[in-house]
Amino acid sequence: MKNRFLLQYVPRIFLCAVIGVFCCIPFASSQNFPDGATRGRTEMTADVSGLNMPAVDLSIRAPETGQEVAFSIQLLLLLTILTLAPSILILVTCFLRFSIVLDFIKRALSLQQVPPTAVLNGIAFFMTLFIMWPTFTEIYTNSFKPLSDGDIGIETAFTEAEAPLRIFMYKQMGGHTDYITLFMSMGGLERPETLADVPTYVLVPAYILNELTVAFKIGVILYIPFIVIDMVVASVLMSMGMIMLPPVQISMPFKLMLFVLVDGWGLLTQQLFMSVVQ
């Protein structure tokens, strides 16, 4: 009964309401506003100005001279380098060593989510910025600032920016030129006598391999005390017959206590700093 009432009368009520609204609109628009009320208007006064939108025009045309073609190629190469700039900065600085060592210590402590990878990368980034600040300052003083002032060209600025990074990478190799010799022989180049004889495209991959080797050596040394703790805990659990209990759950608190008691973060940061600043 109730459903029949709704089906019969609700549509009629709704239709009457709609008709009433449309009938009242002309009557309401013709009525005067009460005294003291502000009349509404849509006209813009002289004090109101329109919104000035800038006109953007982009034109594409064929190059007319060889200089314009060379400039277009330089611009394309510059944009390509800018997209690879983060990777380049990671590979030619000490960030690679720091990030690998911090990841090693996280795995040695049997930690899965703490600290997050983003936090470890942030620590490695600011440590890299702290150590590389003199090099970056020299690059700014000798390359970027004269280029922005118009005193030197882009080729000279690139050479001045490249020199401090080359010196830094060569110093980090500590006189071990095995990787440099490897890449020079692979490229069919003559044995270099000085740093100036080593091309940058040879020095960079040699430096990357050296950083990977050093980082893995540090990681192995960090792993040894924590492996000893894992072995002791596993032996104790097996002697007690607790074979089903994962040794990692028992050894992880002991490794964390050991790491905190010896001030692991402070020692790790200090040793990483000393490994770079020789």
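View 1. The model is predicted, so local features are given only at pLDDT of at least 70 and side-chain atom pairs only at pLDDT 80 or more, whereas totals for chains, interfaces and linings use all residues. Residues are numbered from 1 along each chain as its sequence is written, and side-chain values use heavy atoms, with hydrogens and water left out. Helices, here and below, are DSSP runs of H or I with at least four residues, and strands are runs of E with at least two, numbered from the N terminus. Helix α4 spans residues 95-108 and reaches 20 Å from its first C-alpha to its last, close to the expected 20 Å, a figure defined as 1.5 Å times one less than the number of residues. Among its buried residues are Phe95, Phe98, Ile100, Phe104 and Lys106, and their cover includes α3 (85-91), α5 (117-149), α6, α8 (200-239), α9 (247-261) and α10 (264-276), where contact means heavy atoms within 4.5 Å. Just after α4, serine 110 takes a positive phi of about 60°.

View 2. The side chains of arginine 97 and glutamate 211 form one of them, at 2.5 Å from N to O; because arginine 97 lies in α4 and glutamate 211 in α8, the pair ties together parts that are 114 residues apart in sequence. Arginine 97 is buried at 1% relative accessibility, and glutamate 211 is likewise buried at 1%. Arginine 107 and aspartate 103 also meet in a salt bridge, at 2.8 Å from N to O, and these residues, 4 apart in helix α4, are separated by about one helical turn. Arginine 107 is exposed, with a relative accessible area of 54%, while aspartate 103 is partly exposed at 28%.

**View 3. The pair between helices α8 and α9.** Lysine 255 and aspartate 230 meet through their side chains in a salt bridge of 3.3 Å, N to O. This pair links distant parts of the chain, with lysine 255 in α9 and aspartate 230 in α8, 25 residues apart. Lysine 255 counts as buried at 0% relative accessibility, whereas aspartate 230 counts as partly exposed at 25%.

**View 4. Arginine 166 in helix α6.** Arginine 166 is placed in α6, which covers residues 154-172. Although buried, arginine 166 has no salt bridge, and the nearest side chain of opposite charge, glutamate 162, is 4.6 Å away; in this assignment Lys and Arg count as positive and Asp and Glu as negative, with His and the chain ends not counted. Leaving aside neighbours within four places in sequence, arginine 166 is in contact with Leu195, Ala196, Val198, Pro199, Thr200 and Leu203.

**View 5. The loop between helices α9 and α10.** Aspartate 263 lies in this loop and has a phi near 55°, a positive value in a residue other than glycine. At 48% relative accessibility, aspartate 263 counts as partly exposed.

Note on methods: Buried means under 20% relative accessible area, exposed over 50%, partly exposed in between (1.4 Å probe, protein chains only). A salt bridge is a side-chain nitrogen of Lys or Arg within 4 Å of a carboxyl oxygen of Asp or Glu.
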